[in-house]
Amino acid sequence: KDVEGARGAARACGDWRSFFTLSMEQTDSEDSKAQMALAAADIAEELSSGLKGNFAKRDRYAFAARILLDYCDDVIGAVDMFISAQMWSESRRVGCLHSRQDLMKKSIDSAMSYAQVCLSEFEEQAVAFTKANKRYAQVLQIRKEAVREGDALPGDLDHDAADETGSLFSMASNASNTSLASNLSGSSVGSVASTSSVISVTRTATSNFTLTGAEHDIKHKSKFNKLGRDKKKKKKKKSGKKKMKPGSPEELKFVIGNMKENCIFDDTRDVIAETIEFLSQVGKIAFARELFDGYNQLKSEIASSQKDRIEKAITEQVEAEKLARREGQKEHDKIVLPVEAEVDALCCAELPVAIQDLFAFL
């Protein structure tokens, strides 16, 4: 049997269970056990940093913690990994199992810090979503008028635009939600149909738009820096990248992405719910209540922003229909772009019923 080859393949693909099973079968001395412990520490680092395997962030840290416990006897490192995964209950359990009051306290303190960061992020997300939602309404109207006048551009007529927008910003959305964790370590509204006829845009097209902005390095030279100040300035070369035009299909996708970034979806909702539950269990009811209220406030503000925009759009459509009838038109065509249904449904995920029931009695 090519055991070494199998071990190498298992490690390369992040299959740590197979790697250690094969390694244990070959371990027959204290030196080999010591070598395996060193390898285990390296593999834990590879998994937690995402270098090996294709696992979700929390799973990566949980696997690394399990390796450090089982093969390195590194309780402190394991607790740190569980904390990085926001698995407060598990990190506290491990600390309790090894009679480490300091690690138990660290787990509680970390959960409280996470809650504080969440509350700060909630306020920013509510403001950012409302601002993006207002701009979305403006850009959407511009694109609808372009379609009505026969001046549609690629992106307006893309029936898969909603999916494309989701894929463009899925990573950005995750990054926004998981920024709560990175800071620590350093009601759905539907559209309402009107009585007017609906033009369903179904043609497909592709957009060559590439997002730029935060990824660009902005270099600034101080006026107090004399080095090179007297040299002849060189003309800046054009980057060749397309600049986003206000009111364009590209801006519409960009604004939708901003809206998604500031919603909280299932994965992050689950972490927040677990944090509320954990803080309640360890007697930090005030922190748990504040996090619960803060999340619901964000959810409420996003839902309110959505409701106001949709109701305003319906009112404007009704007024346009009245105006069309006064001008002798039989009906006013209602333009519906493919992205609208998905955007109208954007909201923060509901907290578990058990948590809502808990605070209903407190």
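Helix 3 gives the most residues to the lining of the second largest cavity, with 3 of them. Helices here are DSSP runs of H or I with at least four residues, numbered from the N terminus. A cavity is a set of points on a 1 Å grid over the protein atoms alone where a 1.4 Å probe fits but cannot get out, and its lining residues have an atom within 4 Å of a point.

Before going on, keep in mind that this is a predicted model, where local features need pLDDT of at least 70, side-chain atom pairs count only at pLDDT 80 or more, and totals for chains, interfaces and linings use all residues. Residues are numbered from 1 along each chain as its sequence is written, and side-chain values use heavy atoms, leaving out hydrogens and water.

Back to that cavity: about 40 Å³ of space lies in it, counted as the space filled by probe spheres set on the grid points, which are joined across faces, edges and corners. Among the residues lining the second largest cavity are A10, W16, I43 and K52. Helix 1 (3–12) and helix 3 (30–48) are the elements that give two or more residues to this lining.

Now for two other helices. The expected span is 1.5 Å times one less than the number of residues.

| Helix | Residues | End-to-end C-alpha distance | Expected span |
|---|---|---|---|
| Helix 7 | 48 residues | 68 Å | 70 Å |

What about the largest nonpolar core? That's a set of buried Ala, Val, Leu, Ile, Met, Phe, Trp, Tyr and Cys residues joined through side-chain atoms within 4.5 Å. Buried means under 20% relative accessible area, exposed means over 50%, and partly exposed is in between (1.4 Å probe, protein chains only). The largest one has 71 residues, and F122, Y136, I272 and I276 have the most contacts inside it. Helix 7 (residues 101–148) gives the most to this core, with 16 residues.

Both I272 and I276 are among the buried residues of helix 10. I272 touches residues including Y114, F122 and L291 (contact means heavy atoms within 4.5 Å), leaving aside residues up to four places away in sequence.

Lastly, the cysteines. A disulfide is a pair of cysteine sulfur atoms within 2.5 Å, and the count comes to 0. C263 is in none, as the nearest cysteine sulfur, that of C348, is 5.2 Å away. C263 is buried at 0% relative accessible area, whereas C13 is partly exposed at 49%.

Methods. On a 1 Å grid over the protein atoms alone, a cavity is a set of points where a 1.4 Å probe fits but cannot get out, and a pocket is an open set with protein on both sides within 12 Å along at least five of seven lines; lining residues have an atom within 4 Å of a point.
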